[in-house]
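User: I'm new to this structure and would like to learn how to read its features. Could you walk me through a few?

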Amino acid sequence: MKGKYEKVAIHSGIIVFLLVTLAPLAIALSTSFKQPGDTSSPLKMFTEFSFESYKTAFFTMNFGTSFLNSLITTFGSVFIIVILASMAAYPLARMRGTLSKFLYILFIAGLVIPGQMVVIPIAQVFDTLNIPSNRFTPMIMFITCSIPFSVFLYTGFMKTVPVEIEESAYLDGANLFTRFFKIVFPLLSPATVSVVITQGIWIWNDYFYPLIFVSKQAEMSLPVTMLNFLGDKENPAQWSVLFAACILCAIPLIIAFALLQKHFVSGISSGAVKG
């Protein structure tokens with residue numbers, strides 16, 4: 001009987017958690033289907049299904065250009081992060097000694113200091129070096145801030161890859177780069193997917209660095225263009241359009257996570273346990 005009550009309590013807790021988590025999403029989705037300027041209560045959900053707010057959001061935020069900017073920034077940053085972090089983690093996982101431990105701790109220490117704390121001096125350095133303010137400039141910050149966590153994840157997962165595989169390739173005459181890129185790196189796919197998802201979601205959703213380091217409106221990413229819908233005292237926000245814009249921005253992430261979630265879970269668990 002005691003076990004039965006425990007199951008009921010657990011299931012009730014899960015249901016309450018789901019309701020609390022999904023309620024804001026349901027309200028946002030319902031509001032996005034309302035007409036622009038609709039001031040009815042957001043709790044009156046799914047009373048109408050109009051795509052006028054999506055149409056307004058699509059053209060107002062210049063979705064095609066903004067989507068391309070976000071795509072270039074996200075894919076470019078993630079690609080470089082994967083290459084640099086995996087190559088840095090390779091010797092850290094294979095070498096045994098004080099130097100490798102020190103370098104590993106040095107990488108992990110990067111998790112302590114958020115990039116937002118030093119953005120002003122970094123912006124001054126960029127200005128001194130005459131680095132242009134375009135869609136590629138935020139990639140410098142994204143890559144730098146993502147390296148510590150990515151190295152941590154790759155190092156932990158790489159320790160699970162047997163050294164004997166590389167020794168066999170070495171005896172067959174494979175050099176260092178061949179052993180890494182053709183033998184070791186393909187075995188790191190769960191960790192790679194985890195890095196792609198965790199860092200890709202952050203980079204895609206981040207508006208701070210593009211807002212600071214991009215000067216032209218035509219090169220702004222999707223999250224920055226969404227700020228146009230917040231409104232002000234004279235022009236209040238149209239919540240239906242704002243929520244429609246949010247959903248348009250979230251759709252690519254939902255698709256990507258749905259396709260990669262299996263590898264994401266295995267990569268996170270392996271990296272955390274073995275690291």
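User: Is Phe58 buried, partly exposed or exposed, and what is the relative accessible area behind that?

Analyst: Buried means under 20% relative accessible area, exposed over 50%, and partly exposed in between (1.4 Å probe, protein chains only). Phe58 has 36%, so it's partly exposed, while Phe59 has 60% and is exposed. Keep in mind that this is a predicted model, where local features need pLDDT of at least 70, side-chain atom pairs count only at pLDDT 80 or more, and totals for chains, interfaces and linings use all residues. Residues are numbered from 1 along each chain as its sequence is written, and side-chain values use heavy atoms, with hydrogens and water left out.

User: How do I read a pair of aromatic rings, and how many aromatic pairs are there?

Analyst: You describe such a pair by the distance of the centres and the angle of the planes. Rings of Phe, Tyr and Trp (its six-membered ring) pair if their centres lie within 6.5 Å; planes under 30 degrees apart are stacked, over 60 edge-to-face, and the rest tilted. That rule gives 20 aromatic pairs. Take Phe33 and Phe49: their ring centres are 5.5 Å apart and the planes meet at 50°, so this pair is tilted. Both sit in the loop between helix H1 (2-32) and helix H2 (52-60), 16 residues apart. Helices here are DSSP runs (H or I, at least four residues), numbered from the N terminus. Phe33 is buried at 12% relative accessibility, whereas Phe49 is exposed at 57%. For Phe58 and Phe59, the centres are 5.4 Å apart with planes at 80°, so that pair is edge-to-face.

User: Which residues of H2 are buried?

Analyst: An α-helix has 3.6 residues a turn, so residues three or four places apart point the same way. In H2, the buried residues are Ser53, Tyr54 and Ala57. Looking down the axis of H2, they fall within an arc of 100° (taken from the directions from the helix axis to the C-beta atoms), so they line one face of the helix.

User: And what about charges: which residue forms a salt bridge with Arg94?

Analyst: Side chains of opposite charge can pair when their charged atoms come close. A salt bridge needs a side-chain nitrogen of Lys or Arg within 4 Å of a carboxyl oxygen of Asp or Glu. The whole structure has 1 salt bridge. Arg94's partner is Glu166, with the closest N and O atoms 2.6 Å apart. Glu166 lies in helix H7 (residues 163-171) and Arg94 in helix H3 (residues 63-94), so the pair links distant parts of the chain, 72 residues apart. Glu166 is buried at 7% relative accessible area, while Arg94 is partly exposed at 21%.

Conventions: Helix = DSSP H or I, 4+ residues; strand = E, 2+ residues; numbered from the N terminus.
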